[in-house]
Amino acid sequence: GLPSGPLAGGDELVLDFGAHLVGRLSLDLRYDGSHPDAPALLRIFLAETADELREASEDYRGWLARGWIQEESVHVDELPGMLALPRRYAFRYVRVTVLSTSPKYSLIVSGAVCETETSADPEAAAPLHSGDEELDRLHAVSLRTLANCMQDVFEDGPKRDQRLWLGDLRLQALTNSVSFRRFDLVKRCLYLFAGSRFPDGRMSACMFTKPVPAADDTYLFDYALMFPVILEEYLRDTDDAEALEDLYDAAMAQIEYALGQLDADGLPNAQAAKDCFIDWSDDLDKSGCAAAVLIYGLEYARRLALRKGDVPRADALAERRELLRRRAMERFWEESRQCFVSGGQISAATQVWMVLADVPSPAQARTALKTASRPDLGPRMTTPYMHHYYVMALLRAGLREEAAAHLRTYWGGMLDAGADTFWECWDPRDPAASPYGGLLVNSRCHAWSCTPAYIIRRFLLSGGTV
C-alpha cells in the first residue's frame, strides 16, 4: 500500500523503490469520486538517480536518441485496474504525473510492483564481511551493478545501450569469476562475437541480440584485441576444451588483422589509433595506447597458442611481442621525463597501457605511473573503464597502497554522491558530465564500472598479483 492521496490534473507522485532495479513495472490504480467518465492521461518517468528527476526531458539536446529517456505517456481507460508498463526499465525512482482526469474523479496510486530480471543468482555470490565497512559497501554495489547488467547476455547498461560490448564483457567476466560464476553466460557471449564477424574476420565492437543476434557495424581496434584476452581468462577459469577448439581461430584472426595495421616503423598506424576507444576523450592521443594494447593482446594470444599446443605460433607471437615492445620504448619513452609521450602528450592512459603491456622495466613503470597521477597533466581519465585499468596498472607495478587508495577515492566518490550501482561516467570535478550532451541518457548502472569486487577479492584481500 502507498500513502497516495487523490491526484487530479497537474498533481504528481514520486516513488522511491529503495534500490536500483531492472525489470517490469506495474501500478495498481484506483479512483476517488464518481465513476470515471473519461480516461486518465498519465506521464510516467523512471529515473536511475534522484538528480535525473530534476531534469526536464523536453530540454534534452544531446546527440543520442531521445528514445533512451525512460518516459511514457499512457491513457488509462478502465479504473480500477493494474497498469503494466510495456518495457523493461532500469530505475530506482518513478514519477507519476497526472496530466488529465475529469472533474468527476481523482486518481489513486494504491500500489507499485517491479518484477525484476537478471540471470545472476544472488545466492551464488556471498556478501563480503571484511571488517572494512567501505570495502564491504564497494563490493556490494559492484555486485548489484553486475547483476543488473546480466540478462540474456552481459549488457553494458540495462537502461542504455542494452547490448553486448567486447570491452565491457572483459571486465564483467572478471567480476563474474569471483562472484556469480556464470561461465556459461561468458561462453555464450564469446560465441556470439565469434559467430558474427565481418567478412574480413574482424570482430564487431558490440552485438545486438534482439530480435536475432546481429553484429553492429562498429569496429574498435582495442576492443577486438580483448577477445583473445577474454577467451584465455575464460579458459583459465573453466579449462573448456570445446571453447578453445571452436574459438581459437577467431581469436587469432583479431591478432592477425591488428598486425596488418602497422606503419613503416612496425607500430600501429594512424587508422588503428583512430579506431581505438581507450576512454571517452576527444583530446587523447591514442597512438601509444594502440601500441600497448596490441602488445598486451599478443601476450594473451601466446598463452592461447600454448594451450592449443601450437608451439610454433606461440614462439612467433612472443617474437613479435618483443619486437613491438622494443619499438614502443624507442618511440614513446622519454628518458628525460621518465614517462611515455604520445603525440607530444603525457596522459595517464598511455602510461597505464604501457605498464599493463610490460613495455617498461618495473622501476620505469613506477615512475611513469607516478607521473600519470599528477593533476596538471592531461587529458584526464573520464570513465570507470579507464580507472579500472589505472588501478590494475598500479597493482602491476607493485603500488598496492596507491591502488587501494584510488579504488576508495574514485568508486567511493560515487558512493558518496549517492550511487547504489556504479555509473558509466564519473568525473569528481564535474559530477554532471555527460559524453552525450545530456545527463538523462547517462547510464547509472554500467558494466565497465563493476570491477571493485574483482579488485577487492583477487588483489586487496588475497594478495594476488596482476
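These legends describe close-up views of a predicted model. Local features need pLDDT of at least 70, side-chain atom pairs count only at pLDDT 80 or more, and totals for chains, interfaces and linings use all residues. Residues are numbered from 1 along each chain as its sequence is written, and side-chain values use heavy atoms, with hydrogens and water left out.

**View 1. Strand E1 (residues 12-33) and its antiparallel partners E4, E5 and E6**. Strands (E, at least two residues) and helices (H or I, at least four) are DSSP runs numbered from the N terminus; two strands pair if DSSP finds at least two bridges between them. E1 is joined to E5 (residues 89-100) by 8 bridges, and Leu15 has Val94 of E5 as its bridge partner. E4 (residues 81-84) pairs with E1 over 4 bridges, where Leu27 has Leu83 as its partner.

**View 2. Strand E3 (residues 71-76), with side chains on two faces**. Glu72, Val74 and Val76 point to one face and are buried (under 20% relative accessible area with a 1.4 Å probe, protein chains only; exposed is over 50%, partly exposed in between). Strand E2 (residues 40-47) runs antiparallel to E3 over 6 bridges, and Leu42 is the bridge partner of Val74.

**View 3. The open sheet E7-E8-E9**. Its 3 strands pair in the antiparallel sense. E7 (164-165) and E9 (214-215) stand at the edges with a single partner strand each, so one side of each is left without a neighbour in the sheet. E8 (residues 206-208) is joined to E9 by 2 bridges, and Met207 is paired with Ala215.

**View 4. Helix H3 (residues 183-194) and its cover**. Of its 12 residues, 9 are buried, so H3 is largely enclosed by the rest of the structure; among them are Phe183, Lys187, Cys189 and Phe193. The cover, by contact (heavy atoms within 4.5 Å), includes E7, E8 and helices H2 (166-177), H5 (226-238) and H6 (241-259).

**View 5. Asp216 in the loop between E9 and helix H4 (221-224)**. Asp216 is buried yet has no salt bridge (a side-chain nitrogen of Lys or Arg within 4 Å of a carboxyl oxygen of Asp or Glu). The nearest side chain of opposite charge, Arg163, is 4.3 Å away; Lys and Arg count as positive and Asp and Glu as negative, while His and the chain ends are not counted. Not counting residues up to four places away in sequence, Asp216 touches Arg163, Phe198, Ser204, Cys206 and Phe208.

Key. The expected span of a helix is 1.5 Å times one less than its number of residues.
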